Amino acid sequence: MAPSQDAAGTVRPAAVTARGWGWRHAGRATPAVHALDLDISPGERVLLLGPSGAGKSTLLHALAGVLGDINDDGEAGDADESGSLLVDGALPRARRGRAGLMQQDPETQVVLSRVGDDVAFGAENLAVPRDAIWARVHEALADVGLSHLPLDHPTSALSGGQKQRLALAGILAMRPGLILLDEPTANLDPDGVLEVRDAVGRCLDKTGATLVVVEHRVSVWKDLVDRIVVLQPGSAADPAVLLDGPPDRVLSEARTMLAAAGVWVPGYVPETRKRSAGQASGAGNLLLAAEQLGVSRERGRRKGLRKVPAVPVQEGLTAQVRAGQALAITGPNGAGKSTFALTLAGLLEPVSGKVSASLDLSRGAGIDPYRWKAEQLISRVGTVFQEPEHQFVTGKVLDELLFGPRHLGHGEDRVDELLERLRLTQLVNANPYTLSGGEKRRLSVATVLAASPQVLVLDEPTFGQDANTWAELASFLSELLDAGTAVVSVTHDAEFTEALGGAELRMAAAETVAP
Amino acid sequence: MRQELTLHGNRALLARANPLSKFAAVLLITAVLALSIDWVSASVALVFELLLFPLAGLTLSLLWQRGWPLIIAAAVGGWSTSILAPGSGKILLDAGIWTMSEGSLQLGIGFLLRGFAIALPAVLLMSCTDPTDLADALAQKARLPHRFVLGTLAAMRLVGLMAEEWQIIGMARRARGVGSRGSLVQRVKATLGQSFGLLVQAIRRASRLAVTMEARGFGGGKRTWARESTFSLLDLGVVSGGVLVAGLALFAAVTAGTWNMVWLGS
């Protein structure tokens, strides 16, 4: 193993060289990356852009030496590699510890259950002597701004942004020459995004390591990187690298092209359909009302044989949902926004207070949405979850859309229109789990709407979405609003809230947030 | 549930002992009690176990919260043994097919106490042993392969996560019109579907976690340990304590003449 640092323990930045490199995942017909030529000098900071399917994540995994013949679905098979991809002139797999990789989902970036142990994990694997490990752990935690936590602090009590900073500390403790970030902030709220970005910046300034980051939101990383590389989906005719240069030049030359490809270039908010003037202001009929509502995800707990009611994360919430009106639920992380929305949507039982449906909405099903049967619920209140995969119940896109109407016994005629409108017509026979992130989001909205609910509840619908999907979604929802559907969305996205208009319910931080 | 997997804040004496020595002590006591159904050995062991409670940072109310299914199972076992076991001696209660005699009551009480005395050390061990420390001890002292031990440890963290995911998937499926209420058949079908959804998510999470671990250099040959698993005088005390409790229980039962080997029958 080549030492990733010199005797003094300082980091030696790594170089990356790709020559005609290509990779085809096992079981796929087309390569994820094709004929990539790329040189990254030691200490350079590169932002990797490109439409989904351009192979950005594949490249990062390869550089981290973790690209094997087991793909994301856990299937083994024969993958196909061509050309060469080298880190410091050697195969990445042979350079264990030379590169550190951070992925998107904060929950899977934590390995162990205590903060100190988790940071030490990578250094242990690289056989660093014990005393040196703890020195590195303290230094890394200070570098990412987590030194106020005791070493035995439980990792499960950290916020998403803290988990990602912890993962960064774990990477830093390995003293890697190459730091690879795969959409590290896609699942975070705006505060978490800045937390992680600033921690990365500080650490790079200190160590001088090479950085390659993949991210849709250019404005977050623009000032931190000194080069932008734009990749395009692999094909035999075109080179893998579409554009390459300093951030300002690439962004000015290719602004329109990048925006068209769904990249969030700085200062660009995609055009969305405006609400019809007459309908945006008028108050529609009351559909759902929350009165003095207390919410919690916990059900009553058992302590021995005694039943203890759940402790509400928020209490005294009052809101009204009206036909043709948007309601945005905003507020800091951990305030219980999703919990409130799920209670409003009849999926969680209120801890205190009540949710009541008006006669226009209940249509004979009773006043309390939580007591409705599943079939009664979906034709009245539709809920789109943050993670689309949680809602897939069949193995085919078309069946997925027909599922609701079949259960209800009506509404199958609406499916074609939804397929068309959300650009899913080409995918009717595909397995929902194999779709891209944007396609999954569109499908999850379409499946819920297929049951024609009068109220649509969406939990962070724009998280991690590219600008194109974002604009499509906002425009589509504004059409629904004009048609009289009520839209309730839990969101951190100020532009999205603005595009839909309507009322905003700002929730304060909960009193019982995790430390 | 996720918090309960760690012992954050337990500063009791036994929490500092090596998990392997605690395990050895528990094994010894359990082995002796498993050999005989009699109330003397069980109650001697039980008294000592209750005395050990404060050393493990456990209180009676915590025990009830964590171990109530075991306690109720032991009580039910004792009761049913005392009314169903073949009668001998004076009949104390006669209610048709149920009779309770002196002999069967004695057997029932022995069963009840033994249930408690066997269940308690396990609860005691779990409440003062951190899974990470256990993994350290298994890999460094018991020389189990570290890939296996650390892989299991990391996977255990996902178990708590999966419990949360189960609830979310249940709600997400209700929002699609899949009812988890209704007839038994409907509920079984819904649970099967929900399990499949959970399985998919579990595999995805697990493969992402595997990538994270591999990217941190896991799976190589040689590795060092940031936390050294050590044996100290405390561990000598723990093992001797186990020997003492097991020995006293055995001695008391033999002296009292109640020692009653399970497989020899009566």
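A:Val16 has its bridge partner in strand S2(A) at A:Ile40, and its partner in strand S4(A) is A:Val87. The model is predicted.

**Strand pairing in chain A**

- Strand S1 of chain A spans residues 16–24 and runs antiparallel to strand S2, residues 33–40, with 5 bridges joining the two.
- S1(A) also pairs with strand S4, residues 80–87 of chain A, in the antiparallel sense over 7 bridges.
- A:Val16 takes part in both pairings, through A:Ile40 in S2(A) and through A:Val87 in S4(A).

**Domains of chain A**

- Domain 1 of chain A covers 16–260, and domain 2 is made up of 277–286, 323–349 and 359–506.
- The C-alpha centres of these two domains of chain A are 33 Å apart.
- Domain 1 of chain A gives 11 residues to the contact between the domains, and domain 2 of chain A gives 10 residues.
- The domain 1 side of that contact in chain A has 3 nonpolar, 6 polar and 2 charged residues.

**Contact between chains A and B**

- Chain A contributes 60 residues to the contact and chain B contributes 50 residues.
- Elements of chain A that give two or more residues to its side are strands S5 (99–102) and S16 (381–384), together with helices H2 (115–125), H3 (130–143), H11 (374–378), H12 (397–408) and H14 (437–449).
- H2(A) supplies the largest share of the chain A side, with 6 residues.
- By class, the residues of chain A that touch chain B comprise 27 nonpolar, 19 polar and 14 charged.

**Helix pair in chain B**

- Helix H6 (residues 146–174) and helix H7 (residues 184–215) of chain B pack at an angle of about 140 degrees, and their axes are 9 Å apart.
- The crossing of H6(B) with H7(B) is right-handed.
- On the H6(B) side, the contact residues include B:Ala154, B:Leu158, B:Met162, B:Trp166 and B:Arg173.
- On the H7(B) side, they include B:Gly193, B:Gly197, B:Gln201, B:Arg205 and B:Met213.
- The contact of H6(B) with H7(B) is made up of 12 nonpolar, 5 polar and 3 charged residues.

Definitions and conventions:
Residues numbered from 1 in each chain as written. Chains lettered and ligands numbered in written order. Predicted model: local features only at pLDDT ≥ 70, side-chain atom pairs only at ≥ 80, totals over all residues. Axes fitted to C-alpha atoms, helices over the stretch in contact; angles between N-to-C directions. Helix = DSSP H or I, 4+ residues; strand = E, 2+ residues; numbered from the N terminus. Left-handed = near helix turned anticlockwise from the far one by under 90°. Contact = placed C-beta atoms within 7 Å. Nonpolar A, V, L, I, M, F, W, Y, C, P; charged D, E, K, R; others polar. Domains from an automatic or database assignment. Pairing = 2+ DSSP bridges.
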